[in-house]
Amino acid sequence: MTRRIRTTQPLRFTRRNLLRGSLAATAAIPLLNAQRVVGQDEPIRRLIVLSYPNGTRSSMFWPTGSETDFQLNTFTAPLAPYQDKLVFLKGIRLNDALQNGALGGTVGSEHARGTGGMLTARPLNSGTEFESFGNTTSGWGSGQSIDQYIADRIGTENRFSSLQLGVHVRDTEVRARISYRDSNQPIPPREDPGEVFDALFGATDNARLRAQRQSVFDMTYAETERLAGIVGTDDKVKLDAHLTSMRDIEERLVSAEGASSSCVAPTMQEVDLSQDTQYVEAGRLQMDLAVAALACDQTRVVTLQWSYSESEHLFQFLQSGGRAIDGNHHGISHDFAASGANFDAYNAIQTWYHEQFAYLLSKLASYQEGDATLLDNTLVLWATEIGESTTHGLTTMPYVLAGGAGGRIQTGRFIDYGAGEQDNNQMLVSIAHALGVEDLTSFGDPSGNTGPLPNLA
Amino acid sequence: MQRTRTLLTPTLLLLLAAGCSSGGGSGTGDQPSGPGDSSTGTSGGSTGSSAGGASGATTTTADGSVTTSTTTTTGGEPDPPLMQPEVETSCPTQTVSHTPLRRLTRFEYQNSVRDLLNVDVSAVGDIPPDNATEGYNNNSRLQSVSSPQAEQYVYVSETLAALAVQNLAGLTSCDTATTGEEACATEFAQSFGRRAFRRALTTEDQQMFMNAYSLGRTDGSYAEGLEVMIRAALQSPHFLYRLETNPPADPTAALVPLGPYELATRLSYLIWASGPDDALLDAAASGELTTKEQVGAKAREMLASPKAFTALNDFVSQWSDLDELELTSKNQTLFPMYSEDVNAAMQGELPALLNYMLSSGDTSLRTLLTTNLAFVNAPLAAVYGVDAPAGGGTELAQVTLPEAQGRSGLLTQAGFMSVMSHPDQTSPVLRGKFVRTMLLCDPPDPPPDNVNISVPEVGSAATARDRFSTHLSAGAGCSGCHAKMDPIGLALENFDAVGQYRTMENGQTIDVTGEIRDVEDAALEGEFVGARALGEKLGNSELVRDCVATQMFRYAAGRLEGLTDACSIATLQDGFSAADGDLTELLVNMTQTDAFLYKSQVTQ
């Protein structure tokens, strides 16, 4: 993987410098307005979406018991220390437009639809760009995702209006994108922890460079805009998207604000992103960075993807049945047998993913914010693109919320909505409400339900 | 010459069914003039009735004979061959489908800045990877610039510009002491700007560059002035996009000839995967790219440059999925010899073979698929079971493999065998699927959602043939698709999951009988034994040549072929066959197609 040495002048924030003296490096950067971080009456609410691939095995995932007195199951056992911060949401289906054979036909496999629709609640665009299992093809997702919608409302003052991170995502197709600026405009996750570190903590304290950047931006923007008026309509869409992206990054790249001096950069280590055996290390670094970014109010909206849907990631670093797991995740997840090597391997992989979820919660909980913790002030959505791994159902999606967004959502609950009347449109509306975007009445495909989930807030 | 051919694959059928291709021939009877080509007709030398041909093509689309291909799960019988509608090719082309705006891929960006600035370009790796479809990462439909990408364009331009001005002599020979800084900056803008924007500069361009210069010069220095100019150039849409906004001489013509700079740019990205150099830009400016013949001659000349290797290697490596080698890992207990050193050496095999082919003058597809040469260093030699080359080191040296192994070019390269395998065993399915999709252009459908696709345990049966036998046994419902793949892949079982040669597996002799079924070429259809026989069949097949020509079209044009490309595809396929499958001739032929020489009118 490429290691980037930033050679902007005069302060040279190479990664090696930062590793040795992170506090010293950040001390020279002007302070953020500290009032925005702590000491306010209203807590600052954040959203972080964690996605993992290939669905679940319901029988070993869902808790048992009542709404406020429930017991965790095999996969979710690692979450035990945070049980009172969790909300299990059972009985949510994906909306009709995302279901098989619905509303004009099936575009994309369940994996693809569940990925493109995860945060957009919309079907995929029809097209032949991407082939998926189940003999269908599709284009990209067809609308803006909820993280972007929320970022537009609460994130515009932050250095990063939103941050997309990934762990071993690698893939560049529809099954590898959950965040969409707009239809056909997926946002690729940043996969290199070193690059993320530089982006978060390597701001340049060089007024001259920043001024030059502003001027070059202006020239580039003007020329791109002029060309957008000349090229045909199809091509104009492409240039317009580029203009939007430029506007999104401009403020951060020319502004004097960097990480505040109270913002502690996480310790980094070298990791080889091409080695499946270093999945844990890569993931931990990205989670550390995500949490630091939230803690420092560099952003209030993060998505963090593990691998891609239909993930064929290897798990040779996990033991099952006394030996290292040989097969790939997707293949293993398709074994219908109720016992045996694959059954056990699948369970080990699932439990491992929930251990990573628990790690994230522990990191969030480790930051104190007044009387509460960063975890309390955050809403975490834990999601995967399909329901049952073997059958690819898009009902009873294994959603878990955590944190509560500063008390907006009562946690420590297992909510069973029963027979699938509630859909993902409602869940996304609920998330927006919890993040302070209270005027949102519906989100996603019109075939879905309006309003938030009942009994949640 | 009209040649009826089945040029449509199931994938393309879907494209048409969805109504994605625009145009289809209005049959106006007007003969569009090619570059400098008025009387003698058009590409392919066709003299057939173009109007009729074009509308024939349209009818084929509209009559509903195009359907979505379906997976059969009904029984053990293989599907009958999917009947492709035959399309009358019509030359000359009546219209071209929309010529989409193409952005530089990361690979093209890297080569372009390498040639512009002569600096270490490793920073380019920070630009997000390109989205891929149909096997290639340069499809124009997937090239929207996201925020992280826009951000990296800024950072990377700054990194590269800073490196570039550390060596002013490498950037410009203008002596500021005698000529003056302002004049030198103006000259740099002219020469660098022309190469960065790949055309003559307008006064507005020049002004923009000098404004950028002032930003760095004022309270700064001459060097900083150049540095800001370079940043501005690399962030400009004129660099990042391959703009073809030359206004057409005739706004009503269905086919618009490209301007000379536009042709120069298409040529240089096709042959070099990089921007045009000064010599090529000069040729464009002085009218040396006005006729089709001139374009072809220039292409041939450009193929002699070492830069030609870059593009050809990129195409073959994407086509063969060898670009996935980087992420291919193996079970360390079963394959302890598969080290990082071996993996690194494997990544060098294809480039070494292509290099050899280019320098020896034999760039035929047949050689690529059948050669008995390999390129090894000590660690890789052990995988091949041959002596390490003399001298040691990590460089790869040419060796002739033992005849008994029956190796066959790319098909049995150790790296290729490794990619087309699982971590703990071979995959006859992946190997067969590759041949089916990328050599026969007959992609099997993906598996249905709800079947068990877990790989069989290594211990479940002695040989792969036995382990995967359920795919083909009657009643399993899998054979409809697997009969097209597995019997091909099983012929390669003498080469294990890391490409080592073997005749036994778990104590049993390996049977490498293979079979190609359901293919519209009598010479290809049927049984054969072993890798070399497969390689010979494929290397000598016209159907395979046609398929590879189509694959090259997709890579070169940055899009799937559409109905209006019928003549271009014909030109390409005819030329490739006439050249006995010479891959460099394929590149030259691409420049002779209507798809290459023309663009569509701008529709607002």
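**Cysteines, interface and salt bridges**

A: B:Cys481 is buried, at a relative accessible area of 11% (buried is under 20%, exposed over 50%, partly exposed in between, with a 1.4 Å probe and protein chains only). This is a predicted model, in which local features need pLDDT of at least 70 and side-chain atom pairs count only at pLDDT 80 or more, while totals for chains, interfaces and linings use all residues. Residues are numbered from 1 along each chain as its sequence is written, chains are lettered from A and ligands numbered from 1 in the order in which they are written, and side-chain values use heavy atoms, with hydrogens and water left out.

Q: How many disulfides does the structure hold over all chains?
A: There are 2. One joins B:Cys441 to B:Cys547, with 2.1 Å from S to S. The pair links distant parts of the chain, 106 residues apart: B:Cys441 is in the loop between helix H19 (428-439) and helix H20 (464-467) of chain B, and B:Cys547 is in helix H24 (residues 542-557) of chain B. Helices (H or I, at least four residues) and strands (E, at least two) are DSSP runs, numbered from the N terminus.

Q: Is the disulfide of B:Cys441 and B:Cys547 left-handed or right-handed?
A: The torsion about its S-S bond is about 85 degrees, so this disulfide is right-handed. Both B:Cys441 and B:Cys547 are buried.

Q: And what of B:Cys174 and B:Cys184?
A: They form a disulfide with sulfur atoms 1.9 Å apart. Its S-S torsion is about -80 degrees, so it is left-handed. B:Cys174 lies in the loop between helix H5 (168-171) and helix H6 (176-179) of chain B, and B:Cys184, 10 residues apart from it, lies in helix H7 (residues 181-197) of chain B. B:Cys174 has a relative accessible area of 14% and is buried; B:Cys184 is buried at 0%.

Q: Changing topic: how many residues does each chain give to the contact between B and A?
A: Chain B gives 82 residues and chain A gives 79, contact meaning heavy atoms within 4.5 Å. The two chains bury about 6500 Å² between them, 53% of it on carbon and sulfur atoms; buried area is the accessible area (1.4 Å probe) that two parts lose on being put together, summed over both.

Q: How many salt bridges cross that interface?
A: The rule finds 5 between chain B and chain A, a salt bridge being a side-chain nitrogen of Lys or Arg within 4 Å of a carboxyl oxygen of Asp or Glu. One salt bridge joins the side chains of A:Arg208 and B:Glu224, at 2.7 Å from N to O.

Q: What about helix H9 of chain B?
A: 13 of the 14 residues of H9(B) are buried, so this helix is largely enclosed by the rest of the structure. Its 14 residues (222-235) should span 20 Å at 1.5 Å a residue, and its end C-alpha atoms are 20 Å apart, which agrees; the expected span is 1.5 Å times one less than the number of residues.

Q: Which parts of chain A does the salt bridge of A:Lys85 and A:Asp376 tie together?
A: The two side chains meet at 2.9 Å, N to O. A:Lys85 is in the loop between strand E3 (70-71) and strand E4 (86-90) of chain A, and A:Asp376 is in helix H12 (residues 374-377) of chain A, so the pair ties together parts 291 residues apart in sequence. A:Lys85 is partly exposed at 23% relative accessibility, whereas A:Asp376 is buried at 18%.

Q: Lastly, is B:Asp314 buried or exposed?
A: B:Asp314 is buried, with a relative accessible area of 12%. It lies in helix H14 (residues 307-319) of chain B. Leaving aside neighbours within four places in sequence, B:Asp314 is in contact with B:Phe107 and B:Tyr555.

Conventions: Disulfide = S-S within 2.5 Å.
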